[in-house]
Amino acid sequence: MTTRVLITDDSALARKQLARSLPEFVNAEITFAENGKVAIEQLQSSSFDVMFLDLTMPEMDGYETLEVMRSNSINVPVFVVSGDIQPKAQDRVISLGAKAFVKKPVSQEKLVELLEPFKSSEPSAPHKPTELSEDMKVGRREIYMEVVNLAMGQAADSLARYFDVFVHMPLPQVNVLEVSELTMTIKHLANNDSMNGICQGFSGEGLAGEALMLISDSSMKDLLDILDYPDDGSVNNNLEVLVDVGNVLISAFLRGVGEQAGLVFAQSYPVIIGQHQSVEKLAETMRSKWKRTVTIEVSYAIDGTNIKCDLLLLLVDESLPLLDAKLAYLMDDEE
C-alpha cells in the first residue's frame with residue numbers, strides 16, 4: 001500500500017531533502033508543488049494522504065494555503081515544515097488546522113514519528129530511492145536561498161521574542177551586485193525616507209563580509225513607542241534601539257548561517273554608519289568600501305505596526321569558493 005504525499009515548498013533543495021528523508025515504511029508516492037497555489041490545484045484534482053507545507057512561499061504562502069484548505073473543506077493532514085520558528089507562527093498554523101509544526105531541516109527521527117500512523121501492516125515492496133526530475137536539481141543560488149531562509153527564520157524568532165510580536169518574513173533575495181547596483185538596492189529599500197544604519201563585520205575560517213541593517217526614521221519612532229526604555233535623558237534611546245535591534249538580528253542571522261555551514265563567525269563591534277541621514281549619504285558610505293559582492297537581502301516587518309528592518313549581508317567575492325565548499329554537502333553534482 002502506498003501513501004500519497006504532497007510536498008509543498010518553493011525551494012527545490014527543501015523538496016529534495018524532504019523527499020529523500022521519508023521513511024521506507026510509508027512507501028511514498030510523492031507529488032511536488034512549488035507554492036500554495038499549485039498545491040491547492042493538486043489537492044482539488046487528486047487525493048492525498050498527507051501534506052508537508054512550507055510557510056514562506058511566493059504566489060500563496062503557507063498561511064494562505066491553510067486558510068483556503070479550511071474554507072474549501074479540504075481535509076488532508078498537514079505538517080508544516082518551516083524555518084520560521086517564532087512562537088506566534090507555530091500557534092497560528094495550529095489554529096488554522098495544521099496537525100504539527102516542524103522546524104527545518106526536519107530530522108529522520110521526527111519524520112518517523114509523524115508518519116507512524118501511515119505505517120502499513122502489509123509487507124511493502126522493496127524500497128526504491130526517490131528519483132528526482134530535472135527540475136529538482138539545485139545549484140549555488142538555490143542552496144544559498146534555502147540556507148538564508150533558515151537563517152532569517154532564526155533571526156525573526158529572536159526579534160519576535162525580543163518584542164513579543166509576530167514578524168512577517170518575505171522571501172529573501174540573493175544576488176551578485178556591482179557597487180552601483182548595491183547603491184540602487186539601498187535606495188529602493190529606503191523608499192525616500194531618512195535612514196539609520198548600523199554595520200557589523202564578521203569573519204570565520206577565511207570567510208569575511210559585513211552585515212548592514214537599515215531602519216527608517218518612521219520605523220524608529222514606532223520602535224521607541226513599543227520599547228520600555230528610560231525617557232529621562234540618561235541614554236540616547238535612538239542609538240540604543242539601533243544597536244539592540246542590530247545585535248539581535250545580525251547575531252541570530254549569522255548564527256543560523258554558521259550552523260548550516262559548520263562555522264562560528266567572529267563579529268566586530270557594531271559601527272553606526274548614519275542616523276537620520278538621506279539614503280544618498282548612506283549609500284555613499286558603502287560605495288567607498290565595496291566593489292562587487294554577493295548581497296543577501298532580508299526584510300522584516302512587525303505585525304500591527306509600520307516597523308520594517310532591512311538586513312543586507314555582504315560577502316566579498318573571495319569568500320564564495322570557501323562558502324561553497326562548506327555547503328558542498330547540499331550541492332548536486334553538476335556536469
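**Helix packing and the sheet**

Analyst: In this predicted model, helix 2 (residues 36-45) packs with helix 3 (residues 62-71) at an angle of about 25 degrees, their axes lying 9 Å apart.

User: Is helix 2 roughly parallel or roughly antiparallel to helix 3?

Analyst: Angles under 35 degrees count as roughly parallel. Helix 2 is therefore roughly parallel to helix 3.

User: What is the hand of the crossing where helix 2 passes helix 3, and which residues make the contact?

Analyst: The crossing of helix 2 with helix 3 is right-handed. Helix 2 contributes Gly 36, Ile 40 and Leu 43 to the contact, and helix 3 contributes Thr 65, Val 68 and Met 69. By class, four residues of this contact are nonpolar, two are polar and none is charged.

User: In what order do the strands of the sheet lie, and which are the edge strands?

Analyst: The sheet is open, and its five strands lie in the order 2-1-3-4-5 with parallel pairing. Strand 2 (28-33) and strand 5 (100-103) are the edge strands, each pairing on one side only. From one strand to the next, the twist averages 20 degrees.

User: How many bridges join strand 3 to strand 4?

Analyst: Strand 3 (residues 50-53) and strand 4 (residues 78-82) run parallel and are joined by three bridges. Phe 52 stands opposite Phe 79 of strand 4.

User: Which strands does helix 5 touch?

Analyst: Helix 5 (residues 108-115) packs on the sheet and touches strand 3, strand 4 and strand 5. The direction of helix 5 makes about 145 degrees with that of strand 3.

Key: Residues numbered from 1 in each chain as written. Predicted model: local features only at pLDDT ≥ 70, side-chain atom pairs only at ≥ 80, totals over all residues. Heavy atoms only, no water. Axes fitted to C-alpha atoms, helices over the stretch in contact; angles between N-to-C directions. Helix = DSSP H or I, 4+ residues; strand = E, 2+ residues; numbered from the N terminus. Parallel < 35°, antiparallel > 145°, perpendicular 65-115°, else oblique. Left-handed = near helix turned anticlockwise from the far one by under 90°. Contact = heavy atoms within 4.5 Å. Nonpolar A, V, L, I, M, F, W, Y, C, P; charged D, E, K, R; others polar. Pairing = 2+ DSSP bridges.
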